[in-house]
Amino acid sequence: MLRVVVLGAAAGGGVPQWNCGCQVCRKARGEHPELRSTQASIAVSADGENWYLVNASPDLRQQLIATPQLHPKAGTLRHSPIAGVILTNGEIDAVAGLLSMREGSPFAIYAHEKVLAILRDNSIFNVLSDKNVKRVAIAVDRAFDPALPGGAPSGLEILPFTVPGKGAWYLEGKAHPGGDNGAGDTLGLHIRDKASGKHFYFIAACAEVTDTLKSRLTGAPLLFFDGTVWRDDELVVAGLGTKTGKGMGHISMSGAAGAIESLAGLDIDRKIFLHINNSNPALLKSSAERKIAEGAGWQIPADGTEIVL
Ligand SMILES: [Zn+2]
């Protein structure tokens, strides 16, 4: 059995974002609290007892409080069901939550060498001591079985693969501590329960759907996919920023080259958008954009949604 909990579905900043007065953020603060969403992360488990986070968002503390599956076991003084964190990129919304996991419980960080280099380069992450928190390098197209802190198998097999994307925005124009080779900055994951064979894909950042990606995802039972913006120039048109979706390494939901169109007809059983920016009108249940997304078989999840495969 494979269990997945959506800890957060929002892009960087969350919904509402601290300094944003856009319509979605205003509604989320006011009459529509159900719009509130924390920054993107999922938890996955093969046995229902030991869990792995995919990315550790700045909202991790709040997400853990809201998720009983991730609470310390009853009767224990110090314990966490979190056996590890798999990082798919080095953005702040994917790594900052690690700093909330600093109280001495053992777990492992699995990340590409490019992302491990970023952690090494920022000494604040040294608060996670080598003794308790192992950092394990993962490589593109090489499957790995994460082990529990005691060494027992987790029952999971994870295959990282490269997707079109960008390096962390705070490194733009600066030397990347992991070198200039772009590979490894943005990963997709194929996660499989070894006992049952149940599996799904996680791609929270993707700039473009290539033919290679299409063939990989054909027939998938479940896909979490980048839903940052509805249209590429959304932030610019709304006066919220100067960057396009593409400029940030994120495909748009709509348009001929967008996610909805590009991933149509691939026989994917369940399609869930993740990493949805507060500027995206598809967040509003009554919007035309939401109807188009849902009509095409996509789901916009609420935080806390649990899926059992
Ligand atoms: Zn906003």
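**Close-up views of a predicted model**

**View 1. Strand β2 is covered on both faces.** S41, A43 and S45 on one side of β2 are all buried, as are I42 and V44 on the other. Buried means under 20% relative accessible area, exposed over 50%, and partly exposed in between, with a 1.4 Å probe and protein chains only. Helices (H or I, at least four residues) and strands (E, at least two) are DSSP runs, numbered from the N terminus. In a regular strand the side chains alternate between the two faces of the sheet.

This is a predicted model: local features need pLDDT of at least 70, side-chain atom pairs count only at pLDDT 80 or more, and totals for chains, interfaces and linings use all residues. Residues are numbered from 1 along each chain as its sequence is written, and side-chain values use heavy atoms, with hydrogens and water left out.

View 2. Two strands pair if DSSP finds at least two bridges between them. β1 and β2 are antiparallel, with 5 bridges. Here R3 is opposite S45 of β2. β2 also pairs with β3 (residues 51-54) in the antiparallel sense, over 3 bridges. In that pairing I42 faces V54 of β3. β2 and β3 form a hairpin with 5 residues between them. In the turn, G48 has a positive phi of about 80°.

**View 3. Strand β3 continues to β4.** Both faces of β3 are covered. W51 and L53 are buried on one side, Y52 and V54 on the other. β3 and β4 (residues 82-86) run parallel, joined by 4 bridges. V54 has I86 in β4 as its bridge partner. With helix α2 (residues 60-65), β3 and β4 make a right-handed β-α-β unit. A crossover is right-handed if, with the strands pointing away from the viewer, the path from the first strand over the helix to the second runs clockwise.

**View 4. Three cysteines and an asparagine hold the zinc ion.** The protein donors are C20 (SG), C22 (SG), C25 (SG) and N278 (OD1), at 2.2 to 2.4 Å from the zinc ion. Donors are N, O and S atoms within 2.8 Å of the metal (3.2 Å for Na, K and Ca); water is not among the atoms, so sites may look incomplete. The 4 donor atoms make angles of 104 to 115°, and the site is tetrahedral. Four donors count as tetrahedral if all angles lie between 85 and 135 degrees. For four tetrahedral donors the ideal angle at a metal is 109.5 degrees.

View 5. C20 is in the loop between β1 (3-8) and α1 (23-29), and N278 is in the loop between β11 (271-274) and α8 (288-295), 258 residues apart. C20 is buried at 8% relative accessible area, and N278 at 2%. C22 is buried at 12%, and C25 at 0%. A search of the whole structure finds 0 disulfides; a disulfide is a pair of cysteine sulfur atoms within 2.5 Å.

**View 6. A256 is exposed in a loop.** A256 is in the loop between α6 (234-237) and α7 (259-262). Why does A256 count as exposed? Its relative accessibility is 73%. A256 touches E261 and S262, leaving aside residues up to four places away in sequence. Contact means heavy atoms within 4.5 Å.

Key
Tetrahedral: all angles 85-135°; square planar, octahedral: opposite > 155°, others 65-115°.
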